[in-house]
Each structure stands twice: as structure tokens, then as C-alpha cells.
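Please have the sequence and the structure in view while reading.

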Amino acid sequence: LSPVCLGSLRRAASINDRVHRANRLKKLLEKEILKKGLDETLAVLDHNIGKKIKDKIGINCVHNDVIEELMRGIRTQVESLVSGLPENELDKMRLGLSHSLSRYKLKFSPDKVDTMIIQAIALLDDVDKELNTYSMRVKEWYDSR
């Protein structure tokens, strides 16, 4: 495959930028896999992206524990794989990647509804406790006068 421009690793500034990157990825996959007639399977870290690639472009994708381990290995060895980046840029890239993955995991959590219900109940309990505390203080304040 052709090397990917390091500019692609920067955060997308707008929706137009995201659409542009998606189109570039589509063109890259079509050029490097479809037009060459390769019957290969593409390894993806996210099965949802794999389904989209399969539906839109027709390239078979695989997502499993082995792929996750491979990606983890690439992330830990990125300094030796990508030359010419200063250490502070690598740190920013790692931090941004970890934040993006964390947000993604929170956003697409299957227990999201359960989590919101649990948090709402905990919030109601906290509000009830605070109301009781304030009402006791008001009662004490008026009793002392």
C-alpha cells in the first residue's frame, strides 16, 4: 500500500474535512485493493467501520482480538514505524488517540441507557439528601429564633 500522509493523523477541523478524508480513504482503498484486483481482507479496529467499508466499497473486513493486539503493537512501536516526528508530536498524537477511543467507547456503550438510568437515580438520591439537609438547617434556624 501507499504510505499515508501524516496530515491524516491530525484532528478533523470540520464536517467538510471529515467528508474529504472519507473520500480520500475510499479512493485509496479502491486504488490499492479493488483496481489491483486483490482478493484481500482488510483489518479494521472498529467493526462498524468495517461494515460501512463492506457496504459502500465491497471490501471484506475483519475485526477480532488478533487485530486489536496488532493495533496495540503498532501504537506502542509508532516511534520506530514513523520517522521524523518530534517526541512532543508523538505524545500529542497518543493523547488525542486515547481521548478519541475513550469518547467512542462511552458514546457507543451498549449499556448507555442503563448507565444513564443509574446516574439519574443517583442524582435523585443526592438531591433528596441535600433537600433533607437544607430543610433540617432551616428548621433549626427557625427554632433557634
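Helices (H or I, at least four residues) and strands (E, at least two) are DSSP runs, numbered from the N terminus. This is a predicted model, in which local features need pLDDT of at least 70 and side-chain atom pairs count only at pLDDT 80 or more, while totals for chains, interfaces and linings use all residues. Residues are numbered from 1 along each chain as its sequence is written, and side-chain values use heavy atoms, with hydrogens and water left out.

**Overall layout**

The protein has 6 helices and 2 strands. Along the sequence they follow the pattern α-β-α-β-α-α-α-α. A residue is called buried under 20% relative accessible area, exposed over 50%, and partly exposed in between (1.4 Å probe, protein chains only). Of the 145 residues in the protein, 10% are buried.

**Salt bridges**

Side chains of opposite charge can pair when their charged atoms come close. A salt bridge is a side-chain nitrogen of Lys or Arg within 4 Å of a carboxyl oxygen of Asp or Glu. How many salt bridges does the structure hold? There are 2, and they are listed here.

| Salt bridge | N to O distance |
|---|---|
| K36 and E32 | 2.8 Å |
| E69 and R72 | 2.4 Å |

E32 counts as buried because its relative accessible area is 5%, whereas K36 is exposed at 53%. The other pair sits in helix α3 (residues 65-76), where E69 and R72 are 3 residues apart, about one turn of the helix. R72 is partly exposed, with a relative accessible area of 38%.

**Charged patches on the surface**

Lys and Arg count as positive and Asp and Glu as negative; His and the chain ends are not counted. Patches are made of residues with over 30% relative accessible area and no salt bridge, with like charges joined within 9 Å and nonpolar side chains (Val, Leu, Ile, Met, Phe, Trp, Tyr) within 5 Å. The place of a charge is taken as NZ of Lys, CZ of Arg, CG of Asp or CD of Glu. Accessible areas come from the Shrake-Rupley method with a 1.4 Å probe, and for residues only the protein chains shown count as cover.

A positive patch on the surface brings together K26, K51, K52 and K56. Which helix gives the most to the positive patch? Helix α2 (residues 47-56) does, with 3 residues. K56 is found in α2 and is exposed, with a relative accessible area of 65%.

D125, D126, D128 and E130 form a negative surface patch. D128 is found in helix α6 (residues 112-143). Its relative accessibility is 45%, so D128 counts as partly exposed.

**The two ends of α2**

D46 is found in the loop between β1 (42-43) and α2. D46 is buried yet has no salt bridge, and K51, the nearest side chain of opposite charge, is 8.6 Å away. A polar contact is a pair of N or O atoms within 3.5 Å; within protein, one must be able to donate a hydrogen and the other to accept it, and residues adjacent in sequence count only if both atoms are side-chain atoms. At the start of α2, a side-chain oxygen of D46 comes to within 3.2 Å of the backbone nitrogen of N48. After α2 comes G58, with a positive phi near 90°.
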